[in-house]
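Visitor: I would like to go through this model one part at a time. Please start with the surroundings of a ligand.

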Amino acid sequence: METHLAEWLQGTRDGDEAEAILRRCVHCGFCTATCPTYQLLGDELDGPRGRIYLIKQVVEGVKPTAATQLHLDRCLTCRNCETTCPSGVEYGRLIDIGRRLVDQQVERPAAQRAVRGLLQETLTRRWVFDPAMRVGQAVREVLPAALKAKVPARRSPGVWPTEVAGEAKAQRRVFLINGCVQPAMMPSIDAATARVLAAIGVNVSYAQESGCCGAIRHHLDDQNGALEDARRNVDAWFPALEAQAVEAIVVNASGCGAVVKEYGHWLADDVAYADRAQRVSAAVRDLGEFLATEVDRLGDLIGSSHSGKPTQGPKDAPSQRIAFHPPCTLQHGQKLGGVVEALLDRLMDRLAAVAAGADSKKAPVAKRVAFSESHLCCGSAGTYSVLQPEISAQLRDRKLANIDVSQPDLILSANIGCITHLQNGTVTPVRHWVEWLDGLIQSP
Ligand code: SF4
Ligand code: SF4
């Protein structure tokens with residue numbers, strides 16, 4: 001798509017990048033068919049092609065309005081359109097630029113500014129968020145429904161594993177992201193991750209001084225704040241990476257993983273950080289990506305935990321039918337669609353083989369069930385469920401209706417936001433997949 005940049009954007013990083021991305025778009029509209037907001041709202045301007053057109057106008061100098069801002073706000077940044085696009089249009093990067101330019105020219109109403117400011121200041125500071133979440137969880141049952149929906153019931157994290165001793169100690173260590181909301185909302189996820197990694201000989205620790213990945217500030221268009229988060233984390237992680245004291249930064253929240261993998265791009269123009277940020281991004285592994293290379297060892301662990309035992313399954317994972325909801329940040333953002341599904345399928349096959357060996361007449365312990373529209377966003381999308389609650393709830397209900405057709409006993413996912421959001425709409429338990437795997441390994 002030919003674009004004539006406004007004079008004030010010519011020669012800027014945003015202008016050059018927007019122009020290069022726009023040039024790739026041939027306006028075919030294939031992406032529109034898979035856009036969740038277009039499917040719900042039916043307005044071209046609430047689909048990727050329409051939003052691309054709006055951003056093109058802005059970079060060409062047309063003054064944006066509050067309506068422009070609303071259409072861009074309604075985008076979930078799920079990047080489903082990127083997966084669909086045959087021309088390789090990097091929509092995610094374009095919408096970041098578009099939002100930044102629009103927000104510079106269209107002042108938000110005071111109420112919106114207040115909500116966004118509150119989200120930024122509370123969700124990104126653990127010393128504020130952690131105690132507030134603990135109080136919320138303690139009084140959860142008497143909270144108003146709207147608030148209760150944002151406060152997951154507290155589950156015991158269980159015992160954090162002791163360091164892996166011996167030769168492996170010197171060889172294998174990874175960092176986990178010391179994220180802003182997940183450890184407070186569901187400490188069971190990090191603890192399960194540490195136990196599973198310890199079981200294959202990998203020690204886990206948090207880097208001192210690391211913190212929120214920057215996703216929340218980025219979603220709320222506080223670009224400078226997000227860059228500061230990124231720089232702080234690069235400072236915290238890089239020395240251990242350079243010294244080869246850690247082999248990877250493992251991320252068990254796909255939303256955070258997608259963001260940290262962008263640090264190299266975010267800080268490309270920062271002379272002091274560009275190289276280190278690239279190397280940090282290159283060291284990030286989604287937990288599924290990391291464990292996919294360890295599937296045989298995990299299978300052996302399952303074998304040794306369950307061989308010769310009755311086939312009732314591990315006590316923490318009694319379900320027979322399991323649905324896996326792949327977060328958009330995993331399948332579209334990190335392009336890791338199918339990775340966790342393949343890992344789960346291999347492990348379920350192994351469990352079935354062990355069970356068959358114990359008693360050939362008994363059914364497999366667990367089976368992954370497919371469902372329609374697994375490529376579509378569940379409506380969580382970071383702070384989207386707070387800022388666009390109606391669309392978010394409609395997408396959640398649509399997702400759960402599709403999942404329900406398969407009648408699962410358990411829903412698994414890979415991102416704290418999706419897990420909390422889906423759980424608000426169903427009585428079927430929703431868990432991180434590593435909690436299920438941990439139950440499988442730990443419970444004979
Ligand atoms: S973003 Fe891709 S799929 Fe969508 S209109 Fe442009 S070229 Fe077509
Ligand atoms: S990122 Fe998602 S919601 Fe936004 S335009 Fe693309 S498909 Fe639609």
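Visitor: How do the residues of the shell around ligand 2 divide into nonpolar, polar and charged?
Guide: This is a predicted model. Ligand 2 has 13 residues around it, and Cys 35, Pro 48, Cys 75, Cys 78 and Cys 81 come nearest. By class, the shell around ligand 2 divides into 8 nonpolar, 3 polar and 2 charged residues.

Visitor: Which elements each supply at least two residues of the shell around ligand 2?
Guide: Among the residues that come nearest to ligand 2 are Pro 48 and Cys 81. The elements that each supply at least two residues of this shell are α2 (36-41), α3 (48-59) and α5 (80-84).

Visitor: Which element gives the most to the shell around ligand 1?
Guide: Ligand 1 is surrounded by 15 residues, with Cys 25, Cys 28, Cys 31, Cys 85 and Val 89 the closest. Two or more residues come from each of α3 and α5. The shell divides into 10 nonpolar, 4 polar and 1 charged residues. With 3 residues, the element that gives the most is α3.

Visitor: Are α3 and α4 parallel, antiparallel, perpendicular or oblique to each other?
Guide: Two packed helices are described by the angle between their axes and the distance between the axes. For α3 and α4 (residues 66-73), the angle is about 135° and the axes are 10 Å apart. An angle over 145 degrees would count as roughly antiparallel, and 65 to 115 as roughly perpendicular. The two helices, α3 and α4, are therefore oblique.

Visitor: Which residues of α4 make the contact with α3?
Guide: The crossing of α3 past α4 is left-handed. On the α3 side the contact is made by Gly 50, Arg 51, Leu 54 and Val 58. By class, the contact has 3 nonpolar, 3 polar and 1 charged residues. From α4 come Thr 68, His 71 and Leu 72.

Visitor: Which are the edge strands of the open sheet?
Guide: The sheet has 4 strands with parallel pairing, in the order β2-β1-β3-β4. An edge strand here pairs on one side only. The edge strands are β2 (203-206) and β4 (284-286).

Visitor: What does the twist average from one strand to the next?
Guide: The strands of the open sheet lie in the order β2-β1-β3-β4. From one strand to the next, the twist averages 40°.

Visitor: What is the bridge partner of Phe 175 in β3?
Guide: Strands β1 (residues 173-176) and β3 (residues 248-251) run parallel and are joined by 3 bridges. In β3, the partner of Phe 175 is Ile 249.

Definitions and conventions. Residues are numbered from 1 along each chain as its sequence is written. Chains are lettered from A and ligands numbered from 1 in the order in which they are written. This is a predicted model: local features need pLDDT of at least 70, side-chain atom pairs count only at pLDDT 80 or more; totals for chains, interfaces and linings use all residues. Two strands pair if DSSP finds at least two bridges between them. Axes are lines fitted to C-alpha atoms, for helices over the stretch in contact, and angles run from 0 to 180 degrees between N-to-C directions. A residue is near a molecule or strand if its C-beta atom, placed from the backbone, lies within 6 Å of it. Ala, Val, Leu, Ile, Met, Phe, Trp, Tyr, Cys and Pro count as nonpolar, Asp, Glu, Lys and Arg as charged, and the others, Gly among them, as polar. Angles under 35 degrees count as roughly parallel, over 145 as roughly antiparallel, 65 to 115 as roughly perpendicular and the rest as oblique. A crossing is left-handed if the near helix is turned anticlockwise from the far one by less than a right angle, and right-handed if clockwise. Two residues are in contact if their C-beta atoms, placed from the backbone, lie within 7 Å.
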